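Hi everyone, thanks for making the time.

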Amino acid sequence: MASQGKQIAAGGKEETLANPRGIPTAPFVDKVEDYVTSRGEVEGTLQRFQELISKYQFMEMNLQRRMAGLKDKIPDIQKTLDTVQFMKLRKDESEPIETTFELNDTLYARANIPPTEEVYIWLGANVMLSYPINEAEDLLESKLKSAKTSLSHCEEDLDFIREQITTMEVATARVYNWEVVQKRKEKNDEEQSKGHVCALRVEFLLNRHMHTSIRWYDDTRHTADHRTARAWSSAAAPARNAIALNDYDSTRIRNATTVTKENTRRPKIRNKVLVKLRHADGQEYSHMQFLTKILEREKSVEPWELAAARSRDNSIPIILAHLILKNRVAEETADGKQLSELLPSETEMGQRIEAINQKRQLEQDTLRSCAHILSGKNDDQRCQRLLEYDGQVPVHVLLFLLRRDSALRDISTLRSLIERYKVDGILLLKSPYPGSVARGPNYLKILSLLEKHIARTEPRLLVNLAEAVSSHMTQYVETGNSAKRYVKCCRLFNNILQIFQPESNSLAKQLPVANAYFWECQRILLTMSETFERPLQVNGDGFRTIRNTLAGMPKNEAEKHSALLHAPSWPPYLTPGDGMDEITDPEANWSRTVEAGMLMQEAGFAKSEADDSLDILKGMAPNGTPTIQQRTLAGSHRTISTWEASIRATRDAHEAWARFNDAPSQGATAGVNEYAAMFEKLTLREVAPTSKLLPGDKAQNFPAYRAANLADIEWAKSRPPSVEELYSQMRQADIIPSGHCLFILVSNAPDLNTAHRYLETAAELDPDISSLITPKIERSALRRVGMGLFSAYINMLARRDDLSGWENLHRAIALAEARLGDKRSRWASLIWGAILKGASRHHSALRMSLSDQVELIMAIAKRIDRGNRLNLANFAELNKSLRKLIRYDLRSLVSDLQQSENSALMSSSKQPLRALYEAAFDNEGRVKAADEYGERGPPMPGTLKSLMEYIKSEFAKMQARERSYQAAARDNYISPLDRMLSRNDAVRSEHALEYMMTLGYAGEFDEMKKLLLFLIREWGQADLVQDLVALDELPPSTDFSELLCVFRLLGEPMLGGPVVAEEAQDAIVETGLPWTWPDTAAVNAYMQMHQHDSIRHVRGVLAYIQAQKRTAAQTRMHPLGPNC
């Protein structure tokens, strides 16, 4: 009997167990013993039950989609049939029929239709066929009957499937509870067993309703492909007979067995009290906090040192603190007298170290070596000492070196740390030796901290770290094969997957790193799982991690094609472009993120509101209708509502306003997040008419679609409000701007007074915000203000260009110093970058001389470099700053040169600019080689030449850092184009153009030639050229046509004309790059496109000075004339 039941559960192969369309009937479990006879058979039975549930759910989703299509199709067929029948009745009439036909919604036209014997029927796919009226009537009647029959069958099948799902859930619950009862019978302790059963029943009931219970499937698993999520997901059937772990985001009751074992095995760890030490301010802090404060040596470090010196706790952090303080006293770098009296003697220290050795197996030499490591002057030096030390160190040392505010920034050091972690990380994972040196739980902690530092400094090195983790997991999984061990490995695997995802609180601002590197890390881990005999399974959090990573990647070719098919109306239904699109399944137009979400559902993990919101942002609403796919980069962890997501997933403010007014439920009111999304749409720039971007590729508004039948007054009614009107509406709803909403308002405020009004209103909710506008700077309150809002206000102050420009800029600098200080911050480049832009306005507006302004700009740039290193956006702004300084006085210099050839007659403000250009040529009027400048020493501080040399040195640093990364690159599966666009030196066209123009403005012609040849060499790599040639159109960051025009305008005439042009063209042809060398017409067109005439003036000044020097040289050679 049991075997018969199992066959029914497995396949349902009895003749009568199916509905008329062949959908199998679910077995009803009346008596569990008919299906299982022992606990050993429970797992297999539940596996088959869950497989059936997954299949039923998949069929239910397909039927719902098919029903929606039929309900739209039947009215159209009926209307067409009525028209044909009417024309059939009128075919014997002699007079034409005067009628109106619909052109668009509410728009009709008149027409005269003569009697006819045939009609034309639109079949789709741009195909229309002629039919006799009788045949057309027969065809439409058969199609209508077939559609109605299909709809009836779909409704019947849908009810049937829902009934079967309920039956299977009841059957699963009965078998599950039967196993629980059997477990209770096997327990000796009746009370403990009773509590166990109750807990399991509650857990099962909760998890069954939340779709996050422990499920069993078969050995079919998701295949991990290295290209896209579509590849590894499309071939994967619903996950069967594999252990799908609990969804950690869901609230659930833990398995009572696990809880009981933890209570009995590790009571001390669960009840462990963290020992703390009292500070002079009366507060208690952990020993690790004391060690951190002592090592960071801030201004108020003395009370921390004294409190630690008094302590006699035998903990590793306190012992290390004592050793470090003794070294400082010996080196006279601390208050020796008072500390010497408080610190333990050498004998006492020896006794305490011996006690630590007995308890933790840490010898005296190890502790002293650790103290030496931690005594480094900065974190990079400490890490270097760690790498030079061959022994094991306490985990406290690693936790300090990798703390969140650590100032690690050297790429070679990070690369060496990864290699060290590859060797020692497995010890943290397995914990093969006793003591505090390594504990299994510390593995994820150390890995997470190391990943965040790498993501902040050089995210591309994460691929190296992923390979190290993959080798650790391989060794760890192979050490055991029990079921319990397998579950632990799956949980560890999913935790590691979650670590390797882009997060806004880890990545540096304005860092152009493709999500392809994060996907590559996940691909390595998924591929590693496939190599095991029993592959590790992805849980709900793992699926969400993959979806978040895919959401930040640019559209692939399939997604681009789908975006081109969007109708201009709303909803943006897909309009087939050809016959192939007509026969394509709807699933083929899903984005990779949406497809991964479907796989997550098939695996048994229900979607939350956040998952539905992500689907909306990635191209599909919950009801299956298309939306505008947006590129979502790493963002905050706040939950986005489906209403907010629908506002964002639009093309322009008109569509967003319609979504804003379409509440998801009756009576729902918009909140601050919905208003923020609407404010963002209202303030976005309009896309350029010549732009080739697709909607959603960039945060810009795309042209609105206006229906042909929509009158001007109706169009005006649908017009979205202005920012001020929407703000008034929000305040009338008693909503105070906060968070992202306040950030959008302040960032786009038309003037400073309006921004202050927004901040004053927000201060009613958060008083700390008022610290931004109070005359006296309060550091404590200022540091509690969100960095996003702070950066928006700094940008508002820095961009003010009026009589109070210097006061506002000075205020911005003071606020930035108070908020950021000297500590490294990922916001430093963004905040100080805005100040750098404000410092490049005309020096008269800043009320300072040109030399003072140059020094101010260089000081800000160096401040950015100290805070988080000068990034490409800052480098581009630095180039713009120098060109602005040159452009301010360029026209006047041209006028002065035309009036007089004597530089002494020129105004003093123009002398620095002429000195810059005269330094570009030697006495014979020839262009100086780049190495000739070194013979004269560094330029004078405060000159334009000094700023140019600083920019050149920063460019060289970027090249050196990139070479350091390339030496350890492990990105073989990253496409060559993604690798190139993720580089941190100026190889993208927009950054290289800024540098090329600056070199030309500053007269650095030899450097212009070097830059051009460098770009040709880097972009001319064989695999990269192959990818570029295969593209139908070059992406904007790979289009160097403008850069070549600038080189031809400024560099080529000064470097030898046709000779240097021929050399550059030969280099391009040799590499096979799809770059077109601009001809004279293209160069002239580029000149006309520029609104200002700076390039023309630069060319004129350079040609004049060069001719003047050549004339002077000839005069020196022939003082009495050329004929003498």
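Let me start with a question: which residues in α36 meet which residues in α37? Keep that in mind for a moment while I say that what you see is a predicted model.

On the α36 side we have A828, S829, W832, G833, I835 and L836, and they meet I857, I860, R863, I864, G867 and N868 of α37. Sorted by class, the residues of this contact are 7 nonpolar, 4 polar and 1 charged. To find the two helices, look for residues 828–838 for α36 and residues 850–868 for α37. Their axes are 9 Å apart, and the packing angle is about 175°. Angles over 145 degrees count as roughly antiparallel, so α36 is roughly antiparallel to α37.

While we are here, have a look at the loop between α36 and α37, where R847 sits. R847 is not a glycine, yet its phi is positive, at about 55°. Another residue of this kind is D734, a non-glycine with a positive phi near 60°. You will find D734 in the loop between α30 (723–732) and α31 (739–747). Is D734 buried or exposed? Its relative accessibility is 65%, so D734 counts as exposed.

Let me step back to the whole chain. How many helices and strands does the chain have? There are 48 helices and 6 strands. The chain has 1124 residues, and 50% of them are buried. Its accessible surface comes to about 54000 Å², and carbon and sulfur atoms account for 51% of that. Now take the contacts between residues at least 6 apart in sequence: 71% of these join residues at least 24 apart.

Please find α45, residues 1041–1055, and α47, residues 1080–1089. At what angle do α45 and α47 pack? The angle is about 95°, and the axes are 10 Å apart. Since 65 to 115 degrees counts as roughly perpendicular, α45 and α47 are therefore roughly perpendicular to each other. From α45, the contact takes in E1042, C1045, V1046, R1048 and L1049, while α47 brings T1080, A1082, V1083, Y1086 and M1087. By class, that is 7 nonpolar, 1 polar and 2 charged residues.

Why does H453 count as buried? Buried means under 20% relative accessible area, and H453 is at 1% relative accessibility, so it counts as buried. Which residues does H453 touch, leaving aside neighbours within four places in sequence? They are L402, R403, R404, S406, L408 and L414.

Next comes R544, which belongs to helix α21, residues 540–551. At 11% relative accessibility, R544 counts as buried too. Its side chain reaches the backbone oxygen of A606, at 3.4 Å.

With a relative accessible area of 32%, A355 is partly exposed. How are A355 and N314 placed relative to each other? They lie 41 residues apart along the chain, and their C-alpha atoms are separated by 7.6 Å.

How values were computed:
Residues numbered from 1 in each chain as written. Predicted model: local features only at pLDDT ≥ 70, side-chain atom pairs only at ≥ 80, totals over all residues. Heavy atoms only, no water. Buried < 20%, exposed > 50% of the residue type's maximum accessible area, 1.4 Å probe, protein only. Contact = heavy atoms within 4.5 Å. Axes fitted to C-alpha atoms, helices over the stretch in contact; angles between N-to-C directions. Helix = DSSP H or I, 4+ residues; strand = E, 2+ residues; numbered from the N terminus. Parallel < 35°, antiparallel > 145°, perpendicular 65-115°, else oblique. Nonpolar A, V, L, I, M, F, W, Y, C, P; charged D, E, K, R; others polar. Areas by Shrake-Rupley, 256 points an atom, 1.4 Å probe, with all protein chains shown as cover. Polar contact = N/O pair within 3.5 Å; in protein donor to acceptor, adjacent residues only side chain to side chain.
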